[in-house]
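Dear colleague,

Please find below the structure that I am handing over to you, followed by an account of what was found in it. I would be grateful if you could read the account with the structure open beside it.

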Amino acid sequence: MESLTNVRDIVEVMSREDGFKDSYFASLVVEISFERCRVRYGTFIQEDGSPLSEVVSFRKVQPYPPPMVMELVRGDIVVAWYNEGWWMG
């Protein structure tokens, strides 16, 4: 299976953690292995001050979207940048 993600790609990783469910956070791909990759988050910091890094399944990774500006109407389903990540709304 060929990966659509490469080392040094900026991607979004979906969270399933309590309080962050179905939100996406920008990260840098630092290592790739079969069906998984190690990512380093730009907004999450560990207690020692270093960026948080974790191994995630490719099923939780999506390409980082290009900037978009469009007209919205009431009732549209959106994904909006809020509190350091992308959230469904």
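A pocket, as the word is used here, is found on a 1 Å grid over the protein atoms alone: a 1.4 Å probe that fits at a set of points but cannot get out marks a cavity, whereas a pocket is an open set with protein on both sides within 12 Å along at least five of seven lines, and its lining residues have an atom within 4 Å of a point. Grid points are joined across faces, edges and corners, and the volume is the space filled by probe spheres set on the points.

The model is predicted, so local features need pLDDT of at least 70 and side-chain atom pairs count only at pLDDT 80 or more, while totals for chains, interfaces and linings use all residues. Residues are numbered from 1 along each chain as its sequence is written, and side-chain values use heavy atoms, with hydrogens and water left out.

The largest pocket

The volume of the largest pocket is about 460 Å³. Its lining consists of 16 residues, and P65, M68, V79, A80 and W86 lie nearest the centre. Two or more lining residues come from each of β6 (79–82) and β7 (85–88); strands (E, at least two residues) are DSSP runs, numbered from the N terminus. The lining has 14 nonpolar residues, one polar and one charged. In this classification Ala, Val, Leu, Ile, Met, Phe, Trp, Tyr, Cys and Pro are nonpolar, Asp, Glu, Lys and Arg are charged, and the others, Gly among them, are polar.

The nonpolar core

A nonpolar core is a set of buried Ala, Val, Leu, Ile, Met, Phe, Trp, Tyr and Cys residues joined through side-chain atoms within 4.5 Å. Buried means under 20% relative accessible area, exposed over 50%, and partly exposed in between (1.4 Å probe, protein chains only). The largest such core has 11 residues, including V11, F25, V39 and W87. Two or more of its residues come from each of β1 (10–15), β2 (23–33) and β3 (36–45), and β3 gives the most, with three.

Which strand holds F25? F25 belongs to β2, and its relative accessible area of 2% is why it counts as buried. Not counting residues up to four places away in sequence, F25 is in contact (heavy atoms within 4.5 Å) with several residues, among them V11, V13, Y41 and W87. The C-alpha atoms of F25 and W81 are 9.5 Å apart, although 56 residues separate the two in sequence.

Two serines

S15 is in β1 and is buried, at 11% relative accessibility. A polar atom of the S15 side chain lies 3.2 Å from the backbone nitrogen of E17.

S53 is in β4 (residues 51–57) and is partly exposed, at 27%. Its side chain makes a polar contact of 3.2 Å with that of R38. A polar contact is a pair of N or O atoms within 3.5 Å; within protein, one must be able to donate a hydrogen and the other to accept it, and residues adjacent in sequence count only if both atoms are side-chain atoms. A polar atom of the S53 side chain also lies 3.2 Å from the backbone oxygen of V39.

Positive phi values

R8, in the segment before β1, is not a glycine, yet its phi is positive, near 80°. E35, in the loop between β2 and β3, likewise has a positive phi, near 65°.

Yours sincerely

Terms used: Helix = DSSP H or I, 4+ residues; strand = E, 2+ residues; numbered from the N terminus.
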